[in-house]
Amino acid sequence: MLACTCCSPAAELSSAETTSSASVFEPRASAESAFSAPVSSVGVSSAGATFVETPSAEPFSDTAEPDEIRVFLSADEVRSGEAIVLRMEGYDGELSRLRVYYSKTSSRKYPLFAGNGFAFAIVPVNSTASGLGALTVADTETGETLFSRKVTLLPRSYERQDLTVAPGSSMETSGSSQNLDSDKAVIRQVTSSSAQKLLFSGSFVMPVSGRISTQYGQRRYTNGKYTSAHSGYDIAAAEGTPVVAAGSGTVVYSGELKFYGKTVIIDHGLGIYSYYNHMSETVVGDNQPIETGQPIGEVGSTGYSTGPHLHFNVSVGGTNVDPELFMSGDSIYQQLERMISQ
Ligand SMILES: [Zn+2]
């Protein structure tokens, strides 16, 4: 079995700088204004005291009262590994004070970004979330809740995967918690200041051609003991197979980590990063702009790995999401296009 025990390489974003920018999201020229998917709206007074359901027939009309905050969600239900896009209109305070969170996922909270006359956030739900939750926008300085709405978590099951690692082997050594902690410190540092606008458009591509040997969210047991939920895809491929960028962005790390081996990390903007681990070579440099499909390295088995494969994962605001969310169906890009282009 070709696998790694990569569990959560994504580091939590340390801070959320928000800057005003009219070009946060630049829709494709051919894109239709497609606001057809389910969108719900809730009017909330700026004092946060009154919750008023409002009709959602024309959710993006400009009829809001100046002192009224209106919030729209891309969906009222979500599966673990996916994300909700939130759009907020009518808030004229400091965005950097606000955080959004989904109460059943973790203690992680996510920033709002400035759009053209509105604010928005991408709220990911990790693979171990369970139960019913609410999407909440809160002011971190006053503790005030500006908005909260139930979002149903739909059931999703994940397979179990068993790994065997020989005690005392070099592999067990590379998988030590010290090595993992050391790597996480590096990752936290290089992912602390994502671009404040989207650096990609359309769908991501698979970074290497090969078979997915471990899926996102698969429950990983090492020597019979539960270790982690898998943070992304393991893609089995021959040593030396080219690895390409799944989406365009900027390289924020290219080098060798102790646990994750030779690694490239790409910033796609708005707190979205992709990770490529265990490679035999990396062929890009730090701060290099990168296009979708551009070669970044070769498949290998460096770091804590049982054989040649690429570990690939995508994080949003420090939470690992299903890479599928960027590749097909109602992708993040499509959700953003629907919710924040105008
Ligand atoms: Zn892996």
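Which residues do ring pairs link into a cluster? Ring pairs connect F200, F204, F326 and Y333.

The legends below describe a predicted model, in which local features need pLDDT of at least 70, side-chain atom pairs count only at pLDDT 80 or more, and totals for chains, interfaces and linings use all residues. Residues are numbered from 1 along each chain as its sequence is written, and side-chain values use heavy atoms, with hydrogens and water left out.

**Figure 1. Overview of the protein chain.** The protein chain contains three helices and 24 strands; helices (H or I, at least four residues) and strands (E, at least two) are DSSP runs, numbered from the N terminus. Of its 342 residues, 54% count as buried, where buried means under 20% relative accessible area, exposed over 50%, and partly exposed in between (1.4 Å probe, protein chains only). The accessible surface comes to about 14200 Å², of which carbon and sulfur atoms hold 48%; areas come from the Shrake-Rupley method with a 1.4 Å probe, and for residues only the protein chains shown count as cover. Among contacts (heavy atoms within 4.5 Å) between residues at least 6 apart in sequence, 70% join residues at least 24 apart.

Figure 2. Rings of Phe, Tyr and Trp (its six-membered ring) pair if their centres lie within 6.5 Å; planes under 30 degrees apart count as stacked, over 60 as edge-to-face and the rest as tilted. The count by this rule is twelve aromatic pairs. F118 and F120 form a tilted pair, because their ring centres are 6.3 Å apart and their planes stand at 55 degrees; F118 and F120 are both buried. Y221 and Y226 are edge-to-face, because their centres are 5.5 Å apart and their planes stand at 70 degrees. Y226 is partly exposed, with a relative accessible area of 40%. A charge sits over a ring if NZ of Lys or CZ of Arg is within 6 Å of the ring centre and within 35 degrees of the ring normal. R160 lies over the face of Y221, at 3.5 Å from the ring centre, and the charged end of R87 sits over the ring of F118, 3.9 Å from its centre.

**Figure 3. Strand β5 and its partners.** Two strands pair if DSSP finds at least two bridges between them. Strand β5 pairs antiparallel with β3 over four bridges, and six bridges join β5 to β8, also in the antiparallel sense. In β5, R87 stands opposite F72, while L86 stands opposite A121 in β8. Both faces of β5 are covered: A83, V85, R87 and E89 are buried on one side, and I84, L86 and M88 on the other.

**Figure 4. Helix α3 against the strands.** Helix α3 (residues 332–340) is mostly covered, with eight of its nine residues buried. The buried residues of α3 pack against β3 (68–73), β5 (83–89) and β8 (119–124).

**Figure 5. Surroundings of I272.** I272 belongs to strand β19 (residues 272–279) and is buried, with a relative accessible area of 0%. Not counting residues up to four places away in sequence, the residues touched by I272 include S194, F200, V316 and F326. S194 is 78 residues from I272 in sequence, and 7.4 Å from it in space, C-alpha to C-alpha.

**Figure 6. A three-stranded open sheet.** The strand order is β16-β22-β20, with antiparallel pairing. The edge strands β16 (242–244) and β20 (281–282) each pair on one side only. Two bridges link β20 with β22 (residues 295–298), and T282 has G297 of β22 as its bridge partner.
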